[in-house]
Amino acid sequence: MSKSFLEVDGLSKVYPDGQGGDLTVFEDIRFALQKGEFVCIIGHSGCGKSTILNVLAGLDESSSGNVVMNGKEVKGPGLERGVVFQNYSLLPWKTALNNIIFAVKARWPSWSKDKVREHSERYLKMVGLDHAMDRKPSQLSGGMRQRVSIARAFATQPELLLLDEPFGALDALTRGVIQDELVKIWEETRQTVFMITHDVDEAILLSDRIFLMSNGPNARIAESVRVNLPHPRSRATIFQNPAHQKIRHYLVDFLVNRSGSAQPDEDGTPKVIDPSDGDAVPQRVAAEPEAETETTAKAVNA
Amino acid sequence: MASTSVRAGMLSLVFLVLFLGIWEFGTQVIAPQQGELSEYELLMGGADQEARVPPPSEIIRHAVAELSDPFYDRGSNDKGIGTQLAYSIYRVLTGFLGAMAVALPLGFLIGMSPLMYKALNPYIQVLRPISPLAWMPLALFVIQDSEQSAIFVIFICSIWPMLLNTAFGVANVRQDWVNVARTHELSPIKTAVTVILPAAAPTILTGMRISIGIAWLVIVAAEMLVGGTGIGYYVWNEWNNLDLASVIFSILMIGVVGMLLDLALGKAQKLVEYKE
Ligand SMILES: Nc1ncnc2c1ncn2[C@@H]1O[C@H](COP(=O)(O)OP(=O)(O)O)[C@@H](O)[C@H]1O
Ligand SMILES: [Mg+2]
């Protein structure tokens, strides 16, 4: 066996379809993540992205297959895997700072009070919220709440960070600002991140690789697209790189034209694609370079 | 224009003055009734002078006298109103705390385990509608002590709202928050204390507030039954003495104490409330 940091092998999820039969949401999901990678997963709504992420988090169980991290099978949730939920999931009766302290205390029970506080404040500063430390979540905007939630996840320094559409509920302007912050934190910490998004530009800005999921039922991770753009990246300049356009067109083409039919390689692993290497760009996309979909239209340069 | 609360306060005062005025005037017109004694008055030994509804001025005089020395104790049938209320409050709080000690853990158990909920729900549904006073004879027989029996009745009537609200609050804690506890590897005890308890606290406090209200309603009736001490016994005793000014004054005090108990729980409720 290979020695990847995270190995996902043959995951599937089956629900009863309500008429006595079975509904296979996704099947034979196989991929591996290397330490320090940032990977996004894109796919149409309902194909099972959240379910896969929850299985990685240990909050949900797959119907078959297994997940191995650092050579140990993932069974149930654990502190070595941090999760950022779309709806922030902050504890509303605690202040922003205390929400982070709550997590840090759980992570390092032996730390002194001062050390816990100092560590927590540092991460709150990283997301630019040191001025709002003592406010409750209800007194924060959606964007600020999500920053607290991101700070909480990074503060516990998990080996794997799982983000489920973390910016999905935010307006485009706020989303842009927090994306920049996420880029900054990630450059500082180089944590391994697995993130769901429906925003093509966000995926390109953040990821080393992007997984493309075919439509359900029986969804698969069909392709793994390499994002060959140098770090550190910035929202303002990333568009100037010619590779950016190629990657973007490739992703949009997949979502618009091919997500219904795409299949992984024979051995079940995602096809490896590098759109920045010109040949990989399908003809069709080159012909209509301004193909916009609902998915991307929402997203462009906030 | 004065604020609404100032105007409401003034209006309340007007209503009070009107009400007391009509009362005072009304009782004075009826009082000097002469002539044949009715059958009732004969039965009461012609005691109509004492038995008439006293005017508010008399009640206020009585209240001032009682409240200037509320805690005197001159034997079993002559205790100050404060002393009697203290007995009742003591019983209510003892029974209530006992109920809390049972209802909160049990409510947690039922709220967290659908199995326990299903198993215990039939008993709860049968026991809950029983008038707490119906337990009194059984309590007196088993416990053989009137004081303890009154406390037991309070215990029984306080338990249900707390139990059901705790179970409901715990069962309906947002799954997201439970997931936060799970991803941070909190032990079940820690999860219960640091996540579920604060999340369910507003619902639990609502149950406690309902419970203390019911307990205060029930203690008066319970003390009328078991006698001895307490505001319920006191009201009944004053009625037997035909001291209606004292009866009315006691009724007022029951209302005031009930309101204070509710206010205290309301304050506690404010403390644990949170906005999502
Ligand atoms: N309890 C359930 N019973 C049946 N189907 C379910 C259940 N929970 C989720 N699903 C189905 O699983 C699919 C995947 O859901 P999800 O992982 O949330 O998708 P995504 O995050 O990609 O939008 C959806 O099509 C949903 O209808
Ligand atoms: Mg989802």
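**Figure 1. Surroundings of ligand 1 in chain A of the predicted model.** Ligand 1 is surrounded by A:Tyr15, A:Val25, A:Ser45, A:Gly46, A:Cys47, A:Gly48, A:Lys49, A:Ser50 and A:Thr51. Three of these residues are shown with their polar atoms. In the side chain of A:Tyr15, an N or O atom lies 3.2 Å from a nitrogen atom of ligand 1. A polar backbone atom of A:Lys49 is 2.8 Å from an oxygen atom of the ligand. For A:Ser50, a side-chain N or O atom is found 2.7 Å from an oxygen atom of ligand 1.

**Figure 2. The salt bridge between A:Glu37 and A:Arg209.** The closest N and O atoms of the pair are 2.6 Å apart. A:Glu37 belongs to the loop between strand S2 (22–33) and strand S3 (38–42) of chain A, whereas A:Arg209 is part of strand S9 (residues 209–213). The two residues are separated by 172 residues, and the pair thus links distant parts of the chain. Over all chains, the count comes to 24 salt bridges. Side chains of opposite charge can pair when their charged atoms come close.

**Figure 3. Backbone geometry at A:Pro232 and A:Glu165.** The peptide bond that joins A:His231 and A:Pro232 is cis, with omega at about -15 degrees. A:Pro232 is located in the loop between strand S10 (221–226) and helix H7 (242–258) of chain A. At A:Glu165, a residue other than glycine, phi has a positive value near 40 degrees. The loop that holds A:Glu165 runs between strand S7 (160–164) and helix H5 (172–189) of chain A. An unreviewed UniProt entry lists residues 6–240 of chain A as "domain: ABC transporter". That span of chain A is 31% helix and 26% strand, and its end C-alpha atoms lie 33 Å apart.

**Figure 4. The contact between chain B and chain A.** Chain B contributes 17 residues to the contact and chain A contributes 21 residues. Between them the two chains bury about 1700 Å², of which 68% is on carbon and sulfur atoms. B:Arg182, B:Thr183 and B:His184 supply 34% of the area that chain B buries against chain A, more than any other three residues. Helix H9 (175–183) and helix H10 (188–226) of chain B are the elements that give two or more residues to the side of chain B that touches chain A. H9(B) gives the most, with six residues. By residue class, this side of chain B divides into seven nonpolar, four polar and six charged residues. Between chain B and chain A, the count of salt bridges is zero, while three residue pairs are in polar contact, both residues being at pLDDT 80 or more.

Figure 5. Residues 150–171 of chain B are 100% helix and 0% strand, with 32 Å between the end C-alpha atoms. Residues 242–265 of chain B are 92% helix and 0% strand, with end C-alpha atoms 35 Å apart. UniProt also places the feature "domain: ABC transmembrane type-1" (unreviewed entry) at residues 85–265 of chain B. Across residues 85–265 of chain B, the chain is 86% helix and 0% strand, and the end C-alpha atoms are 18 Å apart.

Notes
Residues numbered from 1 in each chain as written. Chains lettered and ligands numbered in written order. Predicted model: local features only at pLDDT ≥ 70, side-chain atom pairs only at ≥ 80, totals over all residues. Heavy atoms only, no water. Contact = heavy atoms within 4.5 Å. Buried area = accessible area lost by both parts, 1.4 Å probe. Salt bridge = Lys/Arg side-chain N within 4 Å of Asp/Glu carboxyl O. Polar contact = N/O pair within 3.5 Å; in protein donor to acceptor, adjacent residues only side chain to side chain. Helix = DSSP H or I, 4+ residues; strand = E, 2+ residues; numbered from the N terminus. Nonpolar A, V, L, I, M, F, W, Y, C, P; charged D, E, K, R; others polar. UniProt positions renumbered as here; feature names shortened; annotations may be inferred. Near = heavy atom within 4 Å.
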